[in-house]
Amino acid sequence: MRRLLVAFFVFSLFLPGQEPASHEFWPGAVYDPAIPTFQKVLGYGAGEQISSPEQLLRYLEALAGTVPNRMKVFDYGKTWEARRLVYAAIGSEANIRRLEDIRRALRRLSDPRTLPEAEARKLMGGLPAVAWLAYGVHGNEISSPDAALLTAYHLLAARNDRMAQDILANVVVLIDPLQNPDGRERFVQHFRASEGLAPDADPLAAEHNEPWPGGRTNHYYFDMNRDWFAVTQPETKGRIRALLEWFPLLFVDLHEMGSDATYYFAPEADPFNPHLDKDIRESLEWVGKNNAKWFDHFGFSYFTREVYDNFYPGYGASWPCYYGAAAMTYEQASARGLLMRKSDETVFTFRDTVRKHFVASLSTLETASRYRERLMDKFYRFRKLAAEEGASEPVREYVFPRSGNVTAVDKLADLLAEQGIEVKRAASPIIVNGRRLPTGSYVVPLAQPSKRLIRVLLDKQVSMKEDFLKEQERRRQRKLPDEIYDVTAWSLPLLYNVEMLAAGSTAAGQFETVKAGELPKGKLAVAAAPVAYLVPWGSAGAARIAVAALREGFTVWSSDKAFAQNGSRYPEGTLILRTAGNPASLGEVMTRMAGRFGVDITATASGWVDEGVNFGSGYVRKLRKPAIALAWDRPVAAGSAGHARFVLERQFGIPVTVVRTPQLATGDLSRFQTIILPDGSREGYASTLGAAGARRLKEWVAEGGTLIATGGGAVSYLSAPKTGLLAVRQEERVKAGRKDAAEDKEEEEDEDSEEVEVPGKVFTKQEDFDKAIQAEKELPDPVAGVLARAKVDKEHWMGAGAGGTVIAMVDGRAIFTPIKLDKGVNAAYFAGPDEVVASGYMWEDNRKQLAYKPLVIVQREGRGQIIAFTADPNFRAFMDGMNVLFLNAVLRGPAHTR
């Protein structure tokens, strides 16, 4: 009977329009009946249902249509699935009327080099603060978008709330109600399909547990709360563009966390990024204390200074700090539906979670109103001091020679400009540090307001404090989880594998300002009666030309050996497009592609070379039009699959067929040249594909297929004895003081004995005890994300165009044995123990064990081959320096099968 009563109560609680009279989001508030409510527009009360992206937008526009003098809606982009990305500006009638003037004034304030302090003070006196509230970047963190609309409604409709009136007078509120419409739509569709008679609070209920890939990520399964400086996704591009139009002084990114938690708000946890100004911490204290006041008032539990740091600059809670905002994360325990039971048997509702985000939003805006002038002063001083530091510190400029992988150099310069950083392009050769650099080289002056953003993105090492690292080492020794939240390295020159010079003086010469989106064009060096067109390999642009030409029906060849002709040297991998056997439009197409892809192409009038292989050599391979299957669905890691698909489709224009993983064991694979297994669970792959699937893959490879594994989990599956596809093994951890795990075997024999008793041991010191309690067999400790240096085998076709060294993102705990020479080739392997860490923090044991272990393995199998990347080359799609190796596998790999 009790269960029936509870079920009836829950059922009645969530009947549309049946909001209990006692429930108030802001007790005592009296609302203007002329302002439309959730109920009037959507047919249900706030927090009664999980609103879809379409419903959220409909309500937002209903509010704006009712009070256009106090609210305006602006589009800032579209998602991959063509959903609108919008933000709303809310303020007093006076502030909305002069909205454009306010925006222009804040942009003036953003450059103290052109605005004297006295004039700046005068400007600040008449300006409102601008605060940006960003909701729902993770599509299955469901409460904040509904809270966004409730916040907008309260600000516009509350008649008797003095705080709301003060906010409207002193703050322009920018509400981004839904940062990830595609992910939210995925969650909402799942939830509605799983609903039953009444909401189910049981955590095991289907409505709380999404199928692969879940709604957290966007269309290409990117966690967009890691994309802020990489700017790979349209949602991020539009958002950054909008922020740089406004320079909001406060930025809040509202999230959800595990259901057993309470509520988190700033101040943030350690480690604190050393490039952030300490003044920001004071602003976070203001916000946190005011949030605490209101949460205490309403009896809400909360915590601060734990778990959520802002060390990594790719968070929404960190990137805005580098232009001078106070940015922060809020986290609410998630109901993942309309009702959730915690492990302590307490039950909370979706409406409860909406309310807490709503209260936190209003509290934050109250802080912005109260500290309006001080926030503006901090912003101005932040940017003023940054420019002054850049003019006085030892390094005055960062310089990128336009050589080697020029499309990566161009892209990096464009990426910096897109984030508001001033970048100059040399109109003629320049001298830097005694070196003559070519025309087109890029200079990034540090004497600019974006200096701290420049440093955090370009410095090769950003270190955490020693006391924090010592504590992590202590926790590791105790087998406690470390407190490093995300990757520890992200230096863009390393990610792109391009050269950067640190100059102590200002380069002389003529320069032009780099404008985002205006990349240099390549050119075609013409020849009379050309025999072939030559495209040097080693850049993303060259790969794009290969793909585009193949897709347009042209025949493309690639040389495994370097050659020289007419005083020019062409590296391994160079593309050769012969006029014979290709359509007559080849020259016209090459001219177009040179300009489009930013690559210089040479038309040659002869097949004769001065050195190296001729065009008809057996080392010159015919490329095939890509036919790629990508494993999709469990047990594949959604991010790894999505990033691989994005890189192939959106960065290189290669269509991909995504195949549900179980179908690889049963489907007709003969139409594919290449199959990619993204990172995932070894055990998951084994159980999903089974013995028949492993056998099918092996047969397909033997028949001439190229099987590519990207990430430790996939490589571990292929190398497992039961799979038997790759002749390497995943390594156990080497204990401290040992050279290899085999030295531990003798000691383990006693422990493995089936005897009831074992020989006794005498411990005479603490170290004996500490040693005795260690696990006898375990994997290396996981690392949080480190940029590791690897050497490339330049004699093997797999290393063509990659240079002698590449940088990989190593995370997790997978380390593999090198492949034996009679089985295959270690096409790239990690550098020695003193060189392997290029940036970031790696446990000492891991650093020593990772040295000289493989990054890329190539193994022949019948007429085909297996190519294994032990670290994901497509990690977050910002590992541009790994593109050439990955494209060698995908584009050039099938040319090396029979």
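Analyst: Let's start with helix α3 (residues 53–66) and helix α9 (residues 181–194), which pack at an angle of about 115 degrees with their axes 9 Å apart. Helices here are DSSP runs of H or I with at least four residues, strands are E runs of at least two, and both are numbered from the N terminus. The axes are lines fitted to C-alpha atoms, for helices over the stretch in contact, and angles run from 0 to 180 degrees between N-to-C directions. On the α3 side, P53, Q55 and L56 make the contact, and they meet P181, R184, E185 and R192 of α9 (contact means heavy atoms within 4.5 Å). Sorted by class, that contact has 3 nonpolar, 1 polar and 3 charged residues. For the classes, Ala, Val, Leu, Ile, Met, Phe, Trp, Tyr, Cys and Pro count as nonpolar, Asp, Glu, Lys and Arg as charged, and the others, Gly among them, as polar.

A quick word on the ground rules. This is a predicted model, where local features need pLDDT of at least 70 and side-chain atom pairs count only at pLDDT 80 or more, while totals for chains, interfaces and linings use all residues. Residues are numbered from 1 along each chain as its sequence is written, and side-chain values use heavy atoms, with hydrogens and water left out.

Y221 isn't a glycine, yet its phi is positive, about 60 degrees. Most residues other than glycine have a negative phi, and most peptide bonds are trans. The Y221 side of things is buried, at a relative accessible area of 10% (buried means under 20%, exposed over 50%, partly exposed in between, with a 1.4 Å probe and protein chains only). E345 is another non-glycine with positive phi, near 80 degrees, but E345 counts as exposed at 56% relative accessibility. You'll find E345 in the loop between β8 (339–341) and β9 (347–349).

The cis peptide bonds are worth a look too. One joins A266 and P267, with omega about 10 degrees, and P267 lies in the loop between β6 (263–264) and α11 (278–298). Another joins R634 and P635, also with omega about 10 degrees; P635 is in the loop between β26 (628–632) and α20 (638–651).

Back to helix pairs for comparison. α5 (residues 99–109) and α6 (residues 117–125) pack at about 150 degrees, with axes 11 Å apart, which makes α5 roughly antiparallel to α6. The cut-offs: under 35 degrees is roughly parallel, over 145 roughly antiparallel, 65 to 115 roughly perpendicular, and the rest oblique. α5 passes α6 in a left-handed crossing, meaning the near helix is turned anticlockwise from the far one by less than a right angle, with clockwise being right-handed. A105, R108 and L109 of α5 touch E119, A120, L123 and M124 of α6, and by class that contact has 5 nonpolar, no polar and 2 charged residues.

The other pair is α21 (residues 682–702) with α22 (residues 712–719), at about 40 degrees and with axes 10 Å apart. That angle makes α21 oblique to α22, and their crossing is right-handed. The α21 residues in contact are R682, Y685, A686, L689 and A694, facing G713, A714, S716 and Y717 of α22. The tally there is 6 nonpolar, 2 polar and 1 charged.

E366 in helix α12 (residues 350–370) counts as buried at 13% relative accessibility. E366 and N170 are 196 residues apart in sequence but 9.3 Å apart, C-alpha to C-alpha. Beyond its neighbours within four places in sequence, E366 is in contact with M163, I167, N290, K293 and W294. V836, in the loop between β32 (824–830) and β33 (837–839), is buried at 0%. Leaving out residues up to four places away, V836 touches L787, A788, R789, F830, A831, R847 and L850.

Zooming out, the chain has 26 helices and 35 strands. Among contacts between residues at least 6 apart in sequence, 79% join residues at least 24 apart. Buried residues make up 59% of the 898 residues.
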